[in-house]
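Q: I am new to this structure. Please take a close look at one helix and the residues packed around it.

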Amino acid sequence: MSAKDDENDGPVTEREVIQGEIDPTEETPAEQQPEKQKPVGAHRAPEEEDEAPVAEKVTPETGKPGLGAEVEALRSELDERTHDLQRVTAEYSNYRKRVDRDKGVAAEQTTGAVLTALLPVLDDIDRAREHGDLVGPFASVAEQLTAVTGKLGLVAFGEKGDPFDPNRHEAVAHQTSADVTEPTCVEVMRRGYTLGERLLRPAMVAVADPE
């Protein structure tokens, strides 16, 4: 072998040795490095933005989200119930007044019916008094009866010399007289009675007209 061949053989052998030491199946450091993972936040940021809950409106009145509409609804309902209560209270007050008024009218009518039935008895007492027969026990009973009817509100009217009132007097006789300047009751045959503002019976009188 020549020297030239020895020179050529030397480098070739060294290259072969180098190539033999390197296993072509082994991965290079670049290939062995694991693939870098992308930041999780970078991939999930859009999803988090999509899934983020929408903030509810915070009202300055309540300071809590979602209570404004509920408070307004409750306030409206409260106003409605208050109005209903006021209306019912007014209706009940009117009802009580009407019932009290009707009770008063009914009681007055009942009392009037009883007193009207007693008027003939009172007429007999008046005639007995005029004739001087109201004496003894009968006089005591008459005074008690008169006192009781007076407590019930019975008021007698019709006296000689009273101005004639066609609303309160029943004229059964007429005459003229120079002693009067207007129609005047000159004689009372039967007294009249009132109960409060109600006329139970007009007075029966004789009337004198001026000449």
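A: Ile125 touches Leu134, Phe138, Ala142 and Leu145, leaving aside residues up to four places away in sequence. The model is predicted. Ile125 also belongs to the largest nonpolar core, which has eleven residues in all. Among the others are Leu115, Ala139, Ala142 and Leu154. Two or more residues of this core come from each of α4, α5 and β4 (192–195). The most come from α4, which gives four. A second, separate core has five residues, including Phe157, Ala203, Val205 and Val207.

Three names make up the buried residues of α5: Ala139, Ala142 and Thr149. They cover an arc of only 95° around the axis, so they sit on the same side of α5. An α-helix has 3.6 residues a turn, so residues three or four places apart point the same way. The buried residues of α5 pack against α4 (68–130) and β1 (154–157). The face turned away from the buried side carries exposed residues: Pro137, Val141, Gln144 and Lys151.

Look next at Thr149. This residue lies in α5, which runs over residues 136–151. Its relative accessible area is 4%, so Thr149 counts as buried, the cut-off being under 20%. Thr149 touches Leu115, Leu118 and Leu154, again leaving aside residues up to four places away in sequence.

After α5 comes Gly153, with a positive phi near 105°.

Key. Residues are numbered from 1 along each chain as its sequence is written. This is a predicted model: local features need pLDDT of at least 70, side-chain atom pairs count only at pLDDT 80 or more; totals for chains, interfaces and linings use all residues. Side-chain values use heavy atoms; hydrogens and water are left out. Buried means under 20% relative accessible area, exposed over 50%, partly exposed in between (1.4 Å probe, protein chains only). Contact means heavy atoms within 4.5 Å. The arc is that of the directions from the helix axis to the C-beta atoms. A nonpolar core is a set of buried Ala, Val, Leu, Ile, Met, Phe, Trp, Tyr and Cys residues joined through side-chain atoms within 4.5 Å.
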